[in-house]
Amino acid sequence: MCGIIGYIGNKTLTPLLITGLKRMEYRGYDSAGLSIFQEGAIKTYKKKGRVADLEAITNEVESTSNVGIAHTRWATHGFPNDINAHPHNTANNTISLVHNGIIENYASIKQKLIQEGYQFISDTDTEVLVVLIERFYNNVNDIENAVRLALNEIRGTFGIALISIYEPDKLIAARRGSPLILGIGEDEYLVASDAAAIIEHTKNVVFLNDDEMAILTKDSFITKTISNVQTNNEIHTLEIELEQIEKGGFEHFMLKEIYEQSTTITDAIRGRLLIDEGNVKLGGLRQVQDKLRNAKRIIITACGTSYNAALVGEYLIEQLAHIPVEVEYASEFRYRSPILYEDDVVFVISQSGETADTLAAVQEAKNRGTTVIGIVNVVGSSIARYTDAGIYIHAGPEIGVASTKAFTSQLTVLTLLALYLGRMKNLSIVEGIKIARELSELPKKVEEILQSTDKIEKIAKEYSSSRNYLYLGRGFNYPVALEGALKLKEISYIHAEGYPAAEMKHGPIALIDENMPVVFIAPKDEIYEKILSNVEEVRARKGKVIAIVTKNDNQMNHLADHVIEISETLPILTPILSVIPLQLLAYFTAKELKRDIDKPRNLAKSVTVE
Ligand code: G6P
C-alpha cells in the first residue's frame with residue numbers, strides 16, 4: 001500500500017526511480033511522483049495515474065545530483081489527483097517527503113500549524129508532516145533533529161524518505177508500522193518499501209525496525225532509534241532473483257502465478273515431509289513445540305485471502321489434531337479485547353507479512369503474553385520478525401494483486417501443520433503416511449488442471465456479462481467458495497458471494513433465476529450427496545450450474561450445465577486443487593471484460609494502513 005523509494009549513489013537517477021516504482025506498483029497505483037535536485041533546487045514531478053504516466057513527463061528530466069525520492073500512491077487522505085500525489089514539499093520547496101502510512105493526529109497538528117501561519121495545498125496527512133518538520137527545522141537548524149522531533153509528535157504509521165536543500169547530500173528515512181528496507185550497495189544506498197525495488201541493485205539489505213531512522217549519504221549509512229540511540233542492524237542477503245519478479249512471457253503476473261502453483265506447492269513441502277514416518281519436520285516451530293503440544297485452543301487470525309486459508313486451517317487442525325480452533329479477521333481481533341488463556345496459541349497468516357491489521361493483532365496477542373506464530377511468505381517482513389516462531393510458505397514474490405499461489409501454499413503449510421499437530425496427539429502413523437503420500441502427489445495433480453484450461457476460458461466467456469455469481473461449497477470447500485467469490489469480485493468487479501451450500505436456502509436462494517451462475521465446489525467426499533440436493537434446488541429455480549467435481553463424476557455430469565474436473569485426492573486436500581479452476585475462472589472473466597487484472601481498481605497488494 002503505497003510504495004516509496006529513495007536512492008543515493010552514482011547511477012542515473014530518474015530511470016532508476018521510475019523502474020523502482022514500477023516494481024512496487026502493485027502496492028498502489030492511483031498516482032505517482034518523484035523529487036530530485038536540479039541546480040541545487042528540489043524539483044518535484046507528480047501525476048495522477050500510473051507510473052507510466054509519470055515516466056512520460058520525466059523521461060527527459062535529468063538530475064544534477066545523486067539523491068532522489070519517489071512514490072506510487074494508494075489514496076487514503078484526499079482524492080487521487082496531481083496535488084495529493086507524493087512527494088509533498090514545504091511551501092518554498094526546502095524539504096520533499098514521501099510517505100506510506102497514516103498520520104492519525106494530522107488534523108489537530110494541521111490546525112495548529114495554520115494558526116502559526118503555515119499554508120497547505122493538499123488534502124493529505126503527509127503534507128502536515130513535511131510542514132511540521134520545517135517548523136522544527138526553523139528552531140533547531142538540523143534536518144535530522146527536525147525529523148526526529150516531528151516524528152515524536154505524530155501518532156499513526158509511517159514509512160518515510162526525505163531530501164532537503166538544507167543538507168542535500170543526505171537522504172533520511174524512518175519507519176513505524178509501515179515496511180522499509182535499506183539496500184546496501186557499493187557506493188550507493190537505497191531505501192524502499194519492498195525488496196522488489198532493491199534487488200537489481202543489491203541483495204544486501206537491512207530491515208529497519210519500528211521507530212528507527214536511517215541517515216544515508218553517498219558513502220555511509222547510520223541507523224538510529226527515533227529517540228537518537230544508534231542501532232546496529234544485521235545485514236541480510238535477499239534470496240530473490242530478478243526473474244521472479246518479472247512476467248516471464250505471461251500476459252499477466254496473475255496467470256504466471258497461477259501456473260507456478262505446482263512448483264510453489266513443491267517448495268512449501270520441500271524438506272518438511274517425512275513420508276515414511278507419516279510426519280512433518282517444521283524447524284521454525286522447534287522452540288514452541290511444548291507450547292503447541294499443550295495448546296488447549298488455537299486462534300488463527302488474518303485478512304483477505306489469508307483469512308480464507310485460515311478457515312481451511314480450522315477444518316484441518318480440528319480434524320487431524322482435535323484441537324479447537326477459532327478463526328477471526330485480524331481487524332476484529334485487534335479491537336475486541338479478545339479473551340486469551342495461557343495455553344492458547346495464536347497463528348497469524350499473511351502473504352506480505354506487512355498487513356497493518358494482522359501486525360496489530362500480533363502486537364495485541366503478544367501484549368497479553370500469548371505465543372504468536374506466523375505463517376508468512378515474505379522473508380524478513382515485519383510479521384515474520386515480530387512473531388515468536390513461524391513457518392515460511394516459500395511461494396516466492398507474488399506480484400498480482402489477487403492472491404493465488406500464496407493461497408495454495410498457505411493451504412499446503414496448514415496441512416503440514418495439522419499433520420504435525422495430529423501426530424503430536426493421536427493421529428496414527430498409518431493415517432499420517434496416507435496424508436503425507438497424497439500431499440506429495442498434489443503438484444502433479446495441479447499440473448493436470450493447468451494443462452486443460454480451455455473449458456474454463458469458454459465458461460468464463462459465456463457468463464462474463466452476469467451481474468452476480470454465487471459460489472457454494474461445504475466442509476473443507478466452504479472456504480474455497482469464499483475464495484472463489486473473492487477472486488471474481490477483486491478482478492472482474494462482478495458481484496459474487498460465497499456461501500456454505502446448505503445455507504443457500506436461508507437467503508441467497510431468493511436471488512436465483514435463469515441469469516444466475518452458481519458455482520458448486522463438489523468433489524467426491526462424505527457430504528457429496530448433500531451437495532447434489534443443493535444443486536437440484538438451484539436447477540429447480542433455473543439457475544446455471546458450474547460444478548467443480550472429481551474426475552469421472554457421472555452424477556454431476558447429468559445435473560450441471562458445466563463440469564470442471566479435478567483429480568481424486570483425500571477430502572482434506574481437495575481445497576488445494578478445487579481453488580485452481582476458480583482462480584482461472586476469475587482470470588478469464590476479467591480478461592474477457594478487459595479489466596486491469598494485475599492492478600484491479602481500488603485494491604492494493606499489501607495493505608499497510610488500517
Ligand atoms: C490485500 C490483498 C489480498 C490479501 C490481503 C491480506 O487485501 O489485496 O490479496 O489477501 O491484503 O494480505 P496478506 O499479505 O496479509 O496476506
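A crossing of two helices is right-handed if the near helix is turned clockwise from the far one by less than a right angle, and left-handed if anticlockwise. Helices (H or I, at least four residues) and strands (E, at least two) are DSSP runs, numbered from the N terminus.

This is a predicted model, in which local features need pLDDT of at least 70, side-chain atom pairs count only at pLDDT 80 or more, and totals for chains, interfaces and linings use all residues. Residues are numbered from 1 along each chain as its sequence is written, and side-chain values use heavy atoms, with hydrogens and water left out.

**Helix H16 with H19**

H16 (residues 478-492) passes H19 (residues 574-592) in a right-handed crossing. Their axes come within 9 Å and cross at roughly 20°. Axes are lines fitted to C-alpha atoms, for helices over the stretch in contact, and angles run from 0 to 180 degrees between N-to-C directions. H16 and H19 are therefore roughly parallel to each other. Angles under 35 degrees count as roughly parallel, over 145 as roughly antiparallel, 65 to 115 as roughly perpendicular and the rest as oblique.

On the H16 side, the contact is made by Val 480, Glu 483, Gly 484, Lys 487, Leu 488, Ile 491 and Ser 492. H19 contributes Pro 575, Ser 578, Val 579, Leu 582, Ala 586, Tyr 587, Thr 589 and Ala 590. Contact means heavy atoms within 4.5 Å. By class, this contact has nine nonpolar, four polar and two charged residues. Ala, Val, Leu, Ile, Met, Phe, Trp, Tyr, Cys and Pro count as nonpolar, Asp, Glu, Lys and Arg as charged, and the others, Gly among them, as polar.

**Helix H13 and its partners**

H13 (residues 405-424) and H14 (residues 429-451) have axes that come within 10 Å and cross at roughly 165°. The two are therefore roughly antiparallel to each other. The crossing of H13 with H14 is left-handed. Thr 412, Thr 415, Leu 416, Leu 419 and Arg 423 of H13 touch Ile 429, Gly 432, Ile 435, Ala 436 and Leu 439 of H14. Six of these residues are nonpolar, three polar and one charged.

H7 (residues 261-269) packs on H13 at an angle of about 30°, with the axes 9 Å apart. H7 and H13 are therefore roughly parallel to each other. Their crossing is right-handed. From H7, Gln 261, Thr 264, Ile 265, Ala 268 and Ile 269 meet Lys 405, Thr 408, Ser 409, Thr 412, Val 413 and Leu 416 of H13. This contact has five nonpolar, five polar and one charged residues.

**Ligand surroundings**

Of the 14 residues around the ligand (a heavy atom within 4 Å), Ser 306, Ser 350, Gln 351, Ser 352 and Thr 355 come nearest. Polar contacts (pairs of N or O atoms within 3.5 Å) are listed here.

| Residue | Atom in the residue | Distance to a ligand oxygen atom |
|---|---|---|
| Ser 306 | polar side-chain atom | 2.6 Å |
| Ser 352 | polar side-chain atom | 2.6 Å |
| Val 401 | backbone N or O atom | 3.3 Å |

**Backbone features**

A cis peptide bond joins His 86 and Pro 87, with omega about 0°. Pro 87 sits in the loop between strand E4 (67-73) and strand E5 (88-89). Asn 93 has a positive phi of about 60° although it is not a glycine. Asn 93 lies in the loop between E5 and strand E6 (95-100).

Note on methods. A polar contact is a pair of N or O atoms within 3.5 Å; within protein, one must be able to donate a hydrogen and the other to accept it, and residues adjacent in sequence count only if both atoms are side-chain atoms.
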